[in-house]
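Subject: Handover of a two-chain structure

Dear colleague,

Please find the structure below, handed over for your study. My notes on what was found in it follow directly after.

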Amino acid sequence: MNSVKESTSPKRGLSLPVFHPDFMAEAHVASADAVLHAALDNSVTKKDYGRRISLAELPDADGLRQLAGDIKRHTLDHLDYYLELLERNVIKHGGAVYFAATHEEANGLIVDIARRTGSKLVVKSKSMVSEETELNDALIAAGIEPLETDLGEFILQVDNDHPTHIVMPVIHKNAAEIGKIFARYFKTPFTDNPQELAEMARVYLRNRFNQADMGISGVNFAVAETGSIVLCTNEGNGRMCTTRPRVHVALMGMEKVIPALDDLPVFLKLLARSASGQALTQYTNIITGCRRPGEHDGPEELHLVIMDNGRSRILAGEYRDTLRCIRCGACLNACPIYRKVGGRTYGSVYPGPIGALLTPLFNGLENHKHLPHASSLCGACFEACPVKINIPEFLIKLKRDEVRQGITKRPERTIFKLWAWGLQHAWSYRLGQVVQRVVLRSIGSKDGWIKKLPGPAAGWTAQRDFPMPAKHDFRYLYKQYRAGEKRGK
Amino acid sequence: MKVSLFVTCLTDLFAPDVGMAVVKTLEHFGCSVDFPTGQTCCGQPAFNNGYPAEARALAVKMIDVFHDADYVVTPSGSCCAMIRDHYIKLFHDDPDQRKLAEDFVARCYEYVEFLTKILKVDLSTLSLPENETFTYHFTCHLRGLGATGEPAIRLLKQLGGAQFTALEKAEQCCGFGGTFAIKYSDISGAMVRDKVQCGSKTGAQTMIVNDGGCAMNIGGACHRMGASFRVQHIAQIIAAAVEHTAGAKAS
């Protein structure tokens, strides 16, 4: 059975792959999709409540989030030091370390390792960074078969689809859809029973784990002090991928390093709780080196590929804190917009609030000018973030950059500047209020509501009515009130 | 206690009753209220859309207008959060103005916050003209003030004749977000319809909010969808109870 996943973004030239570039078109369709909304409420909204409940079990969740953020900030401030320390310690335990400047380089290094070790079948555990590099496409192009072994990722691979959530890649498909995909792929009768579907995948994958030459994993945390790779998974496939095949390749973004093993519990306490409301993932693997003499299991070779792919550019500027992200997906689950448009609308590999931030930072604002604006700035993401990335504030900064770089259209810039000038003076402010009142009252209905606003404001009334200004503004009512008091005396 | 009202531009134009309700209730609780007429806008729309220089100019004006106020109270959670979260940072490179901003920020309160933290009011002596069932939508920007919906709900529950039912997804944004509601109206519309549906499910007569933007958005969607509940600012409910209780005593 050959995987046939094709690249949907042939020659990228961008750091992150873009699958669906037309944000507005995607948003238009998704925001009218009641089935999608119900599915998302049933998954992400529930996980968000799970997060709150499980964090409340901790004595001081907020303090822990602060600490996690501080550890990440410290590490990012001294990233060169910790990456070198990590490299030394991985090598000390028999591993090999590679630095890749770009996603092409990372893929090239991994293809080379596969070729050198004679690997034909590669089993993969879930890894967002390999989605970032489109590693599967590179392996297929080199005649190597990649096989996703996380159930969600496996479904997507079989269906030539992309993840729409960082942690729950396949939440956009329901059991019936998955049933159809499996019936087609396994050539078996249709079932939409989740247990039966999972069993079909399990039996198939178990067999293939035994045939695989190489396992590829991502990295949740890389501990510099010990040279350990930490993997947090729920399905056990990560453990199979990193122990059964002869060769283990771990691919990480360079921001995944943490200083010491003592720091790890801080993140473990937060990661699973933030992602899914679990106290811990089912499996926490701390992998230090490959199989040693006398040991019975584990891979013969361990390779760690540390990738930059635009991160050092972000590290150097005022958006450094965005690299704290531990890819828990909590901001997606908390986001009212993600709940209405799903992951696909964001277009790129990282969806949701953190994606709205990372995608333009990686790929350039000019390529993703909608993403910083498509937010009500409600702050649910910041409240959910286990490492306290102030996502709304960064989105505002990106908008500021759009204005400065001239990406924001001139008429809009002019309107804002005029508006702000008008508010500088009480007289012009009041003149503006009077004009608004007269104009809006002239187009309102008798019931006190406006059904259709003109020009760019039509977006409002496309969805809901607009209130007609009151006959008198507050200033007038206040003056009357005070005058009445005086008369009363 | 001397309080200066920052009414906000939206409330001034679209919901002057809310401003009057704030004035009357604060006076009822023993404050003397004044309204500095030089006030305009806190600069939030400019700041949120990426125009910090323009927001900064408006912040200077705000700070100046309210320079001698003991307390500045506003019925808008988001305007208060704009001041609290961003005013000091706006003047990171101007120590003198920054100091003025710090002083100003320390005197600014959102209405419910002021009632519960400073005045520490107890509304159990007040009762509504008629029994009324309420639900409460949590205004997102209260997050910026480190607040939850609890204090407002506690106040509501104290009122005689008030019955409270919890709103599903109460903390989920209603989809206002200023220009977001216009530019990304498809998404915003889906969000506000979700809010109205949750509101209708409660069976409450009235949904309480703490922000002019939420009120315009949810109210407008209620009207379009023909929902059975009305949207009110919490000050309007308290003002109704104050008036009714005073009237009952007089008679």
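Predicted model: local features only at pLDDT ≥ 70, side-chain atom pairs only at ≥ 80, totals over all residues.

Before turning to the chains, one term is needed: an angle between two elements is taken between their N-to-C directions, on lines fitted to C-alpha atoms, and runs from 0 to 180 degrees.

Strand E7 (residues 206–209) of chain B runs parallel to E8(B), and four bridges join them. Within this pair, B:Thr206 stands opposite B:Arg230 in E8(B).

**Chain B as a whole**

Chain B contains 12 helices and eight strands. Its radius of gyration is 18 Å, close to the 18 Å given by the globule rule for 251 residues, so chain B is as compact as a globular protein of that length. The C-alpha atoms of chain B fill a box of roughly 55 × 50 × 30 Å along the principal axes. Of its 251 residues, 58% count as buried. Among contacts in chain B with a separation of 6 or more, 78% are accounted for by residues 24 or more positions apart.

**Chain A as a whole**

Chain A has 22 helices and 12 strands. Its C-alpha trace spans about 100 × 55 × 45 Å along the principal axes. Of the 489 residues of chain A, 47% count as buried. Residues 24 or more positions apart make up 74% of the chain A contacts that have a separation of 6 or more.

**A helix pair in chain A**

Two packed helices are described by the angle between their axes and the distance between the axes. For helix H16 (residues 352–363) and helix H18 (residues 391–404) of chain A, the axes come within 10 Å and cross at roughly 35°. The crossing of H16(A) and H18(A) is left-handed. On the H16(A) side, A:Pro353, A:Ile354, A:Ala356, A:Leu357 and A:Pro360 take part, and they meet A:Ile391, A:Phe394, A:Leu395 and A:Leu398 in H18(A). By class, this contact has nine nonpolar, no polar and no charged residues.

**A strand in chain A with two partners**

In a regular strand the side chains alternate between the two faces of the sheet. In strand E4 (residues 214–217) of chain A, A:Met214 and A:Ile216 point one way, A:Gly215 and A:Ser217 point the other way, and all are buried. E4(A) pairs in the parallel sense with strand E2 (residues 121–124) of chain A over three bridges, and with strand E7 (residues 247–253) of chain A, also in the parallel sense, over four bridges. A:Gly215 stands opposite A:Val123, and in E7(A) the bridge partner of A:Gly215 is A:His248.

**Where the chains meet**

How many residues of chain A are in contact with chain B? There are 53, and they touch 54 residues of chain B. The side of chain A that touches chain B has 28 nonpolar, 14 polar and 11 charged residues.

Yours sincerely

How values were computed. Residues numbered from 1 in each chain as written. Chains lettered and ligands numbered in written order. Helix = DSSP H or I, 4+ residues; strand = E, 2+ residues; numbered from the N terminus. Rg over C-alpha atoms; globule rule 2.2 N^0.38 Å. Buried ≥ 20, exposed ≤ 12 C-beta atoms within 10 Å, placed from the backbone. Contact = placed C-beta atoms within 7 Å. Pairing = 2+ DSSP bridges. Left-handed = near helix turned anticlockwise from the far one by under 90°. Nonpolar A, V, L, I, M, F, W, Y, C, P; charged D, E, K, R; others polar.
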